[in-house]
Structures are given as structure tokens and as C-alpha cells.
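Look at the sequence and the model before reading on. The notes below go through a few sites in turn.

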Amino acid sequence: MNSASLANNGEPIARLQQTLKASASVSGRGYWSGKEVTVRFEPAPEDTGVVFIREDLEGSPQIPALVDYRVEVPRRTNLVCQGATVEMVEHVLASLAGLQVDNCYVHVTSAEMPGMDGSAKDYVEQILAAGIETQTAPRAILTISEVVRVGDDECWVEARPNGSKRMKFKYRLDFGNEGLIGRETLEGKVSPEYFQNELAPARTFLLLQEAEWLRQQGLGTHVDFSELLVFGPEGPIDNELRFEDECVRHKVLDLVGDMALAGCDIQGTIIANRSGHRFNAELVKQLLKENQVAYLSRRTA
């Protein structure tokens, strides 16, 4: 017995896989490296998944976007396969997963993805402009059958059963009573429309002291405060919020990208309390260990 949800006729519920109708590209500089990079999204056959291709390296090595290839690096999601690396991939993965693009070759000309304005908006716009094509094979799904939780008392993330066809979420962000960010909570259901309008425009954020420390380490020295949200004593520096709760929206954007490392749809509710990339990825690993992924022979409604 697999862990797929069951429709009224007893058949597992799945949607059809999707890819792009045409190629799409985005160019910019990496936040950490400052290097110019172009990301080109190309259609891929059924059951390919998302695969990064390092065009700048000999042999154009491929790096599957799966949690087994994730390496622990602070503040971002990096993948390594056979010595080839792609860095800061969470916004790319979130854009594809949020729009339900399951099969895609992601050609890149450098290791680090472009930071853009700190959001996934440009990626989403270019993917939608290329168009999304439905394929014939059903999408693999992982249905949460019991509560799975990772983390510690202060920062944690857990998955719960919910009987829904989509992944639901609830994220609690807590910077305490004294900070300008404070406490923010967001909950909802991930769909292409919701992701495009409510999550994709939300930008990466830092406190001023964090940004200054990174610059002292020689990181991000080329990044202007207008390119992401940096919170000073009076609020965002040289910037304005796109949403009143933009910070927690961006954390959910990252969560969607990290959950995509499962390589399948997740049916259940993800509840996070101050969680980041490390615990998000650890949850994916636990879910893949404790639940069976259903590979369906046909689509049912």
C-alpha cells in the first residue's frame, strides 16, 4: 500500500506532470560572488525533474535538484554532484515548484544564481512568458500520513496530514517585541496563482548589523541596499515594503523552494516556527524516509 491520497473510487489522486513550452532566461549578478550569470530554463521530458547544467564547466556536468545533493551552507541552499556546484538555488526551485513546472533543464553560466531584487518575481515572469505545457505522465506524490518534526525548541518545522490535494503551510516568524520586523504569521495553500501573486514578489531581508557583518567578511560588497530589504533602526533602508508582512512571505517562498528538493508533490501541511534552509531540508529527508512516494500509472480526479 503506498501513501497516496485516495479519491472516492479508491484511486490515488495525482496531477499530470508539466514542463515549459519554450526556453526562458534571466541574467544578473550573484549576491555572494558578484559574478554575472545567466540562467536558461529549457523544456525537459517526463520524469526528468529539475536538473541544473553547468555550461561553464568542462563536460557541462548535471546536478539534480534533489535533497541528496544538498550541502550545508549558511543562509542558502547549495547543491553538489560529482564535484560540480550550484549555489543559492532556492528562488529558482521555488519558482518552478510554485508554478508546477516539474521537468526542466536549468542551464547556468556560473555557480551562483542571480540575486535579482531578492525575490523570485523575475524568474516567475520569464517562466510564464515561455508558457507551461502539460505532459502525459502523472506527477509522483508524497502524502503525509503522520506528524514528522525536526528542529529544536526555538526553531522547528513539521509536516502534518491534512487530506488536501495541495501543500498547505503555516509559518511563524519571530524577531521579538523590540525589533522592527517583530512577529509575523502567514498561512495558506500553495497554488500557482497564490505563488505568483502573494509569494514571488517577496524579497530577501537582513538586519543592518547582519549586512554590515557580511560586508566585513568581503561578501555582498557589490549589493546595494535597494536590491534587497535591509532593516535599519527606522525600517527598510533605501527601500519600501511590497507587503506589510513581506518578511514572512519570503520565508514561505524559501520553504517552497526547499520542499521542492523532495522531487515530488507533497500533500499535507507544513508548519514552521523560525525555520530556515537547514531544518527545511532535514524535514524533506525525514519525509522521504518515513513515507512512500507514489508513482502512479494514470491520473485520477
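What follows is a short briefing on annotated residues, a helix, a cavity, a pocket and some backbone angles.

The model is predicted. A UniProt annotation from an unreviewed entry, "binding site", covers His91, His250 and Asp254. These residues are spread over 164 residues of sequence, yet they cluster in space, with a largest C-alpha distance of 9.8 Å.

**The annotated residues**

- His250 is placed in helix H5, and helix H5 is also where Asp254 lies.
- His250 has a relative accessibility of 3%, so it counts as buried, the cut-off being under 20%.
- Asp254 is buried too, because its relative accessible area of 9% is under 20%.
- Leaving out residues up to four places away in sequence, His250 touches His91, Gly118, Ala202, Arg203 and Thr204.
- With the neighbours up to four places away again left out, Asp254 is in contact with Glu90, His91 and His277.
- The side chains of Asp254 and His91 are joined by a polar contact of 3.4 Å.

**Helix H1**

- Helix H1 covers residues 90-98.
- Of its 9 residues, 8 are buried, so H1 is largely enclosed by the rest of the structure.

**The cavity**

- How many cavities of 30 Å³ or more does a search of the whole structure find? The search finds 1.
- The largest cavity holds about 50 Å³ of space.
- Its lining is made up of Tyr31, Met88, His91, Met113, Pro114, Gly115 and Tyr123.
- Sorted by class, the lining of the largest cavity has 5 nonpolar residues, 2 polar residues and no charged ones.
- Of the residues in the "binding site" annotation, His91 is included in this lining.

**The second largest pocket**

- The volume of the second largest pocket is about 930 Å³.
- This pocket is lined by 39 residues, and those closest to its centre are Arg75, Phe205, Leu206, Glu210 and Lys251.
- By class, 19 of the lining residues are nonpolar, 8 are polar and 12 are charged.
- Which helices and strands each supply at least two residues of the lining? The strands are E6 (70-73), E14 (167-174) and E16 (205-207). The helices are H1 (90-98), H4 (208-216), H5 (246-259) and H6 (277-290).
- Helix H5, one of these contributors, is the helix that holds His250 and Asp254.

**Positive phi angles in loops**

- Ser60 is not a glycine, but it has a positive phi of about 45°.
- Ser60 is found in the loop between strand E4 (50-54) and strand E5 (62-64).
- Is Ser60 buried or partly exposed? Ser60 is partly exposed, with a relative accessible area of 30%.
- Met116 is likewise not a glycine and has a positive phi of about 55°.
- The loop that holds Met116 runs between strand E9 (104-108) and helix H2 (121-130).

How values were computed: Residues numbered from 1 in each chain as written. Predicted model: local features only at pLDDT ≥ 70, side-chain atom pairs only at ≥ 80, totals over all residues. Heavy atoms only, no water. 1 Å grid on protein atoms, 1.4 Å probe; cavity = no way out; pocket = protein on both sides within 12 Å on 5 of 7 lines; lining within 4 Å. Points joined across faces, edges and corners; volume = space filled by probe spheres on them. Helix = DSSP H or I, 4+ residues; strand = E, 2+ residues; numbered from the N terminus. Nonpolar A, V, L, I, M, F, W, Y, C, P; charged D, E, K, R; others polar. Buried < 20%, exposed > 50% of the residue type's maximum accessible area, 1.4 Å probe, protein only. UniProt positions renumbered as here; feature names shortened; annotations may be inferred. Contact = heavy atoms within 4.5 Å. Polar contact = N/O pair within 3.5 Å; in protein donor to acceptor, adjacent residues only side chain to side chain.
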